[in-house]
Amino acid sequence: MKFTVHVTSGIAFLYGILTVTAAHAELSAEDLAKIAQNPVGNLISVPFQENAYFNVGPEERTQNVLNIQPVIPISINDDWNIITRTILPIISQPAFTPNGSRTNGIGDVQVSAFLSPANPGAWIWGIGAITQLPTHSNNALGNNNAGIGPTAVILHLEHGSPWVYGVLVNNVWSVNGSASPIASSSASYNNGLIQPFLNYNFESGAYITSSPILTVNWDAQGSQQWTVPMGGGVGKLFKLGKLPVNTSLSGYYNVVRPDFAPNWNVRLQIQLMFPK
């Protein structure tokens, strides 16, 4: 009986995805690429983002981080949506000593929720909260304190214009007060993120992109606070059957970075899209 229910539910889910995708088959490749570039777009998407960080640590080795980043919109009413964005990192951490071994596992998950207008104009915005949870599988891959803070995004996306540009920001403070039931003995943290993005789209679904991720550790001192990358890359929207798939490849050089931080980052992303 349970097996029948699961099979029926699975068929219904797949049918829903195929129906939704088919309903948006008339959207051009350029339109779909622009939708994919909206962090608070009203569609389900599942990006897989592979990051290779070069020359990490005193031994100058490579760190790999695969971020699985599902985006799920929730309709409140005709005027408002809540857009949830989750980042689950799968990390391969290099050793920081000559004879050390690599550490592999899951890092700390971050979940953002944005309140955003359901029917925006050319300017689109979202504001909400971000939480960090200690889901790491090894103490070398995360912090035992949970965290919380504000997050916001604003972007310009206009029909007929090839440009999509904006910025996403957040800041996460650890929750480690003695009265907190989820406090731990791990070090506290206060981390900020600024991600500006600029995309120029072509009719074919190809585009040029720059989306550096600037980070700041407010608890660090002087030149150890900021990581500031510069760079960009290219992307292409294509269809796997009727399923839109957004792909991009970019590279960034850290013009400002703390000691032992990577100097280069190569980012490869494959994003499965399920438009409503």
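This is a predicted model: local features need pLDDT of at least 70, side-chain atom pairs count only at pLDDT 80 or more; totals for chains, interfaces and linings use all residues.
Me: What is the volume of the second largest pocket?
Reply: On a 1 Å grid over the protein atoms alone, a pocket is an open set of points where a 1.4 Å probe fits, with protein on both sides within 12 Å along at least five of seven lines. Grid points are joined across faces, edges and corners, and a volume is the space filled by probe spheres set on the points. For the second largest pocket this volume is about 520 Å³.

Me: Which element gives the largest share of the lining of the second largest pocket?
Reply: Lining residues have an atom within 4 Å of a grid point; here there are 22 of them, and Ile35, Asn38, Gly41, Asn42 and Ile124 lie nearest the centre. Helices (H or I, at least four residues) and strands (E, at least two) are DSSP runs numbered from the N terminus. Two or more lining residues come from each of α2 (29-36), β4 (80-93) and β6 (109-117). The largest share, 3 residues, comes from α2.

Me: How many residues of the lining of the second largest pocket are nonpolar?
Reply: Ala, Val, Leu, Ile, Met, Phe, Trp, Tyr, Cys and Pro count as nonpolar, Asp, Glu, Lys and Arg as charged, and the others, Gly among them, as polar. By this division the lining has 3 charged residues, 8 polar and, as nonpolar, 11.

Me: Which element gives the most to the nonpolar patch?
Reply: A patch takes residues with over 30% relative accessible area (Shrake-Rupley method, 1.4 Å probe, only the protein chains shown as cover) and no salt bridge (a Lys or Arg side-chain nitrogen within 4 Å of an Asp or Glu carboxyl oxygen); nonpolar side chains (Val, Leu, Ile, Met, Phe, Trp, Tyr) are joined within 5 Å. The patch covers about 940 Å², and its members include Trp80, Trp123, Trp125 and Trp163. Both β7 (123-133) and β9 (163-175) give two or more residues. With 3 residues, the most comes from β7.

Me: Is Trp125 buried, partly exposed or exposed?
Reply: Trp125 belongs to strand β7. Buried means under 20% relative accessible area, exposed over 50%, and partly exposed in between. Because its relative accessibility is 35%, Trp125 is partly exposed.

Me: Is Tyr189 buried or exposed?
Reply: Tyr189 sits in the loop between β9 and β10 (190-201). Its C-alpha is 7.8 Å from that of Val172, although 17 residues separate the two in sequence. Since its relative accessibility is 8%, Tyr189 counts as buried.

Me: What is the phi of Glu60?
Reply: Glu60 lies in the loop between β1 (43-56) and β2 (61-68). Most residues other than glycine have a negative phi. Glu60 is not glycine, yet its phi is positive, near 55 degrees.

Me: Where is Phe260 found?
Reply: Phe260 also has a positive phi, near 70 degrees. Its relative accessible area is 54%, so Phe260 is exposed. Its place is the loop between β14 (243-256) and β15 (264-275).

Definitions and conventions
Residues are numbered from 1 along each chain as its sequence is written. Side-chain values use heavy atoms; hydrogens and water are left out. Patches are made of residues with over 30% relative accessible area and no salt bridge: like charges are joined within 9 Å, nonpolar side chains (Val, Leu, Ile, Met, Phe, Trp, Tyr) within 5 Å. Buried means under 20% relative accessible area, exposed over 50%, partly exposed in between (1.4 Å probe, protein chains only).
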